[in-house]
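Let's take a friendly walk through a protein model. Have the sequence and the 3D view ready as you read.

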Amino acid sequence: MIVLLGSQKGGVGKSTLAVSIAAYLLELGKTVMIVDADDQKSVLTWYNNRDENLPRVPVVSATGNIKNTLLEMAQHYDYVIADSAGRDSSELRSGLMAADVFISPLRPSQMDLDVVPHTCDVFTNAQIFNEKVRGYLVLNMTPTNLFVNEGNLAAEVLRDFPAMSQASNRICDRKVFRDTWATSTTVFEADNEKAKEEIRKLVDEVIL
Ligand SMILES: Nc1ncnc2c1ncn2[C@@H]1O[C@H](COP(=O)(O)OP(=O)(O)O)[C@@H](O)[C@H]1O
Ligand SMILES: [Mg+2]
């Protein structure tokens, strides 16, 4: 199964979700390979800085037309998680030709909502050639404060874009996601049950 993360914007949580999703799948005993298809190479840097005594979360990089690379890897791993750049790119477009699941994270902000139509267009065009691909908009970095309603307001706006499904599970803004990234670990190696539960529920909903 090939899972592609992509968006028209950087900083929405693609790389964070890529390693978190991979860590959960590894915890379930699945074989996983992360493909860093972003020329900024964030995930590869995360991997290179990772303590060698920690469980291995394998990462390779690929650029340009990644379709065949992803299909080839999917023969050898239960899950291939591809992380693409925060813009329309050949990696995003070619990755969509191979993906089973496309995940596009966004923050509950007007600027992120503004690019959703373009993301949906790219996805809809890809579906013409890859009919099996399922696409999900995933709200990330939503406020944990229940009195701040931004998450629900953004979810409301996303209903206007039926070309992609809206994941009903959201990921909150939690410091543990930033802290674990800084130490080249994942939330599954940290002591924060809420963050882990959010990732588990999202993966259960859109991937498993
Ligand atoms: N759910 C979250 N809670 C808190 N911080 C987050 C969360 N998701 C991502 N971040 C932080 O937001 C920034 C951008 O995330 P990143 O995964 O690098 O985005 P992208 O790969 O889309 O550019 C990073 O500093 C990351 O640690
Ligand atoms: Mg990234």
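Helix α3 (residues 67-74) packs against helix α4 (residues 90-98) at about 40 degrees, and their axes lie 8 Å apart. Axes here are lines fitted to C-alpha atoms, for helices over the stretch in contact, and angles run from 0 to 180 degrees between N-to-C directions. Angles under 35 degrees count as roughly parallel, over 145 as roughly antiparallel, 65 to 115 as roughly perpendicular and the rest as oblique; α3 and α4 are therefore oblique to each other.

Which residues make the contact? From α3 come Lys-67, Leu-70 and Leu-71, and from α4 come Ser-94, Gly-95, Met-97 and Ala-98 (in contact: C-beta atoms, placed from the backbone, within 7 Å). They divide into four nonpolar, two polar and one charged (Ala, Val, Leu, Ile, Met, Phe, Trp, Tyr, Cys and Pro count as nonpolar, Asp, Glu, Lys and Arg as charged, the others, Gly among them, as polar).

## The whole chain

The model is a predicted one: local features need pLDDT of at least 70 and side-chain atom pairs pLDDT 80 or more, while totals for chains, interfaces and linings use all residues. Residues are numbered from 1 along each chain as its sequence is written, with chains lettered from A and ligands numbered from 1 in the order in which they are written.

The protein chain has nine helices and eight strands (DSSP runs, numbered from the N terminus: helices are H or I, at least four residues, and strands E, at least two). Its C-alpha trace spans about 45 × 40 × 30 Å along the principal axes.

## Around ligand 1

Of the 17 residues around ligand 1, Gly-13, Lys-14, Ser-15, Thr-16 and Phe-177 come nearest (near: C-beta atom, placed from the backbone, within 6 Å). Two or more residues of this shell come from each of α1 (14-27), β6 (134-142) and α8 (175-182). The shell holds five nonpolar, eight polar and four charged residues.

Terms used
Two residues are in contact if their C-beta atoms, placed from the backbone, lie within 7 Å.
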